[in-house]
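Here are my notes on the two-chain model, point by point. Please keep the structure open while reading.

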Amino acid sequence: MEKQWYTISVYSENNVGLLNRISGIFLKRHINIESLNVSKSEIENVSKFTIVIYSTEDWARKIVGQIEKQIEVIKAYYHTDDETIYQESALFKIASDLLFDERQIQNIIKDSNSQIVTVARDFFVLAKTGRRHEIDEMHDALEPYGIMQFVRSGRIAVTKATMPITNILAEFQNQ
Amino acid sequence: METLKAQKVKNEKQAAIRISGAEAIIHCLLAEGVDLIYGYPGGAIMPVYDELYKFQDKLTHILTRHEQGATHAAQGYARVSGKVGVAMATSGPGATNLVTGLADAQIDSTPMVCITGQVPRHLLGSDAFQETDIVGISTPVTKWNYQVTKASEIPEIMAKAFYIARSGRPGPVLVDITKNAQFDELDFVYEKCTGVRSYKPIPKPDQNSLKQAAELINNAKRPYIVFGQGIILGEAEDELKALVEKAGIPAAWTILGLSGMDTSHPLNVGMVGMHGNYGPNVLTNECDVLIAIGMRFDDRVTGSLDTYAKQAKVVHFEIDPAEINKNVKADVAVLGNAKETLGLLLPLINKNEHTAWRTEFDKKYQIEYDTVIKKDITPTKDGLTMGEVIEQINIASEHKAVIVTDVGQHQMIACRYAKFKQTKSNITSGGLGTMGFALPAAIGAKMGAMEREVVAIIGDGGYQMTIQELGVIFQHNVPVKIVVLNNDHLGMVRQWQELFFESRYASTVMTNPDFVKIAEGYHIQSRRVTERSELQDAVTEMIASKNPYFLEVRVEKEDNVFPMIPSGASVSDIRLK
């Protein structure tokens with residue numbers, strides 16, 4: 001079966017050990033977690049894990065089943081890239097003198113639609129939100145000038161279709 | 001009326017009492033109906049043991065000789081009684097010694113709660129004496145686990161632990177309790193847990209899939225049922241029998257399903273899997289509708305998945321949604337508790353006989369009887385066989401005993417030949433294949449069903465892994481019957497070495513001690529059988545005994561278990577020799 005990118009969304013109670021439990025399921029099948037993000041969700045007191053893997057659909061489905069089985073997991077879903085709106089964020093720390101000495105840097109900032117977060121005497125920080133390839137392109141463009149620090153976040157995603165979780169959670173709220 | 005109702009609620013609601021966390025743990029256990037626990041004390045669990053001392057008239061604690069023994073005893077107790085087994089240990093090595101039992105209970109869906117002591121909260125993460133991250137370690141092998149660091153958490157967490165362990169597809173739960181939480185006081189009120197919002201233990205059966213299942217079954221020419229432990233855990237034995245009889249469907253079992261249906265029932269056709277019966281394996285690939293009930297298509301059951309029941313429509317009755325389409329694709333999946341789903345299915349099923357199809361099983365049985373079974377249970381060669389020992393136990397115990405087995409050749413032989421009239425009677429380590437399981441599990445099984453005969457059948461290898469539990473049998477005079485089938489080898493591994501590694505017997509030959517003398521050292525009545533002529537008398541004497549009894553039978557050293565599906569082969573390619 002063909003492998004592709006899947007975004008797994010896990011709605012759960014906020015529990016200390018749950019990340020360990022979930023990551024163990026990927027570990028057992030030797031599936032690399034390409035990106036992981038944990039945040040609150042649209043529902044009060046419900047956490048959301050957003051996990052990106054490269055796998056077959058069969059395995060994505062089985063993994064979601066095994067995740068959902070965990071006591072504190074309310075519901076888990078998997079989606080292809082086409083089914084989601086997704087973004088990543090990145091921060092670039094760059095030496096300040098480049099901002100003034102290298103005209104090209106300013107073009108990169110403009111072309112990439114990134115923001116200057118802060119400017120200090122020695123460095124400035126650029127923030128970029130977008131698809132993975134856009135961040136990679138910006139990284140490649142800046143690299144020849146020297147990047148002091150670089151970090152990229154995990155993917156965050158929402159689905160185009162309604163998440164059926166909403167109904168389940170509505171039931172919870174009434175309990 | 002209103003006031004009366006309000007009054008009633010008020011009365012039912014316990015008044016809070018101010019007690020220590022350690023005492024609260026005892027009250028939680030009592031509230032959950034626990035009267036027996038297995039365990040081993042140590043520094044970080046001492047406050048709880050101090051309370052156990054005070055409550056010993058209400059709650060019996062059995063000191064096993066190793067924490068692993070405590071888990072297997074709790075498992076044996078749970079499997080035979082249907083109740084939650086409880087094991088307790090201290091932090092560090094005490095806790096890590098529970099891991100094998102947890103893993104075994106997890107893969108075999110056994111309800112168990114393990115309580116471990118932990119270093120005080122302020123020392124967590126400091127590599128304190130006997131500190132180990134047991135919550136981290138046990139995560140992959142528990143249904144749920146939790147570390148309690150405040151006394152006030154105890155009632156809620158204990159209630160949740162028991163609820164999760166026993167509900168839905170059962171499993172093991174570990175509660176780790178820091179020492180400060182045992183010493184500190186709390187206002188104790190106990191409320192049983194009735195639900196966890198993120199956890200749906202039993203899926204609701206879907207009418208549509210039930211109808212589809214019934215239609216497939218009613219139209220089938222060669223329907224075939226394979227059932228697993230879901231029948232026993234779901235207490236669906238009567239519903240299964242009713243279905244089998246109404247629709248005239250031959251039914252086979254996985255080793256964990258064994259005893260879920262009377263072994264002498266004409267429609268009980270035997271065991272599936274690697275060392276299962278010939279017909280049930282071969283005919284898996286000739287049926288037109290395969291009805292799997294409460295089983296998970298383990299690789300030891302299916303052999304090669306590429307050639308497993310490809311011709312058949314598969315109907316899967318299962319409580320755990322994650323098992324659907326995990327190994328074998330289901331054409332129709334019916335989620336739910338087997339008792340409920342089979343109950344709903346029954347009225348939709350037409351009466352049928354399937355006489356011609358059933359004779360296929362009889363024919364295959366005859367082939368297996370002539371080539372394998374006859375030689376196993378009524379041998380004419382000199383050496384004693386494991387099969388004839390099981391047959392003698394069947395006769396002496398009149399098919400009424402609980403049979404507890406370890407892992408290996410003796411286990412396969414016992415599961416193949418032991419006869420059962422009653423459910424919850426076959427206690428074995430199936431999924432994990434834990435050598436050393438049987439002796440402590442037999443202790444738990446006996447204590448969970450004192451009125452029943454409990455016979456542990458163990459190989460000489462596995463016996464020595466938990467032999468120290470003879471101490472429990474001696475100290476508490478637990479009247480279990482222990483049969484060691486001694487072939488001076490790790491028999492199953494030796495069999496594989498003979499068949500697949502050109503008889504290179506790497507580390508499978510054992511020089512054994514005098515097992516009879518060891519049992520005598522524990523003051524357990526014991527006997528050794530080396531000749532066929534003594535076997536019947538010895539087994540009869542053993543079963544008649546009201547006390548613990550140890551019987552060593554010296555069996556043929558290099559016998560093999562057949563039939564056998566070589567690892568990764570098709571069920572159709574099962575070997576008879």
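In what order do the 6 strands of the open sheet in chain B run?

1. The order is β3-β2-β4-β5-β7-β6 of chain B, and the pairing is parallel. This is a predicted model, so local features are reported at pLDDT of at least 70. The edges of the sheet are β3 (60-63) and β6 of chain B, each of which pairs on one side only. From one strand to the next, the twist averages 20°.

2. Look inside that sheet at one strand pair. Strand β5 (residues 112-118) of chain B and strand β7 (residues 172-178) of chain B share 7 bridges, in the parallel sense.

3. Helix α4 (residues 67-81) of chain B lies across β2 (36-39), β3, β4 (85-89) and β5 of chain B. Its direction makes an angle of about 170° with β4(B). Helix α8 (residues 154-166) of chain B lies across β5, β6 and β7 of chain B. For α8(B), the angle to β7(B) is about 165°. Strand β5 of chain B is listed under helix α4(B), and also under helix α8(B).

4. Now the domains of chain B. The assignment gives domain 1 (16-188), domain 2 (207-360) and domain 3 (382-554). Between domain 1 of chain B and domain 2 of chain B, the C-alpha centres lie 37 Å apart. Their contact takes 5 residues from domain 1 of chain B and 5 residues from domain 2 of chain B. On the domain 1 side, the residues divide into 1 nonpolar, 2 polar and 2 charged.

5. Strand β19 (residues 525-529) and strand β20 (residues 549-554) of chain B are joined by 5 bridges and run parallel. B:Gln525 stands opposite B:Tyr549 in β20(B). What handedness does the β-α-β unit of β19(B), helix α24 (residues 532-544) of chain B and β20(B) have? The unit is right-handed.

6. The chain interface comes next. Here 16 residues of chain B are in contact with 16 residues of chain A. On the chain B side, the elements giving two or more residues are α7 (134-138) and β6 (144-148) of chain B. By class, that side has 8 nonpolar, 4 polar and 4 charged residues. Note that β6 of chain B is also an edge strand of the sheet in point 1.

7. Chain A has its own division. Its assignment gives domain 1 (3-82) and domain 2 (86-152). The centres of domain 1 of chain A and domain 2 of chain A, taken over C-alpha atoms, are separated by 31 Å.

8. Two residue pairs in chain A set sequence separation against distance. A:Leu27 and A:Thr118 are 91 residues apart in sequence and 39 Å apart in space, C-alpha to C-alpha. A:Gln149 and A:Ile94 are 55 residues apart in sequence, with 7.2 Å between their C-alpha atoms. A:Leu27 lies in helix α1 (residues 18-28) of chain A. It has 13 other C-beta atoms within 10 Å, so A:Leu27 is partly exposed. A:Gln149 lies in strand β8 (residues 149-152) of chain A. This residue counts as exposed because it has 10 C-beta neighbours inside 10 Å.

9. Backbone geometry also needs a check. Most residues other than glycine have a negative phi, and most peptide bonds are trans. A:His30 is not a glycine, yet has a positive phi of about 55°. A:His30 sits in the loop between α1 and β2 (35-40) of chain A. Is A:His30 buried or exposed? It is exposed, because 6 other C-beta atoms lie within 10 Å.

10. For B:Asn477, a residue other than glycine, phi is near 45°. B:Asn477 is in the loop between α21 (470-475) and β18 (481-486) of chain B. With 12 other C-beta atoms within 10 Å, B:Asn477 is exposed, since the cut-off for exposed is 12 or fewer.

11. Last, a cis peptide bond. It joins B:Phe562 and B:Pro563, with omega about 0°. B:Pro563 is placed in the segment after β20 of chain B.

Technical notes
Residues numbered from 1 in each chain as written. Chains lettered and ligands numbered in written order. Predicted model: local features only at pLDDT ≥ 70, side-chain atom pairs only at ≥ 80, totals over all residues. Contact = placed C-beta atoms within 7 Å. Helix = DSSP H or I, 4+ residues; strand = E, 2+ residues; numbered from the N terminus. Nonpolar A, V, L, I, M, F, W, Y, C, P; charged D, E, K, R; others polar. Pairing = 2+ DSSP bridges. Right-handed = clockwise from strand over helix to strand, strands pointing away. Domains from an automatic or database assignment. Axes fitted to C-alpha atoms, helices over the stretch in contact; angles between N-to-C directions. Buried ≥ 20, exposed ≤ 12 C-beta atoms within 10 Å, placed from the backbone.
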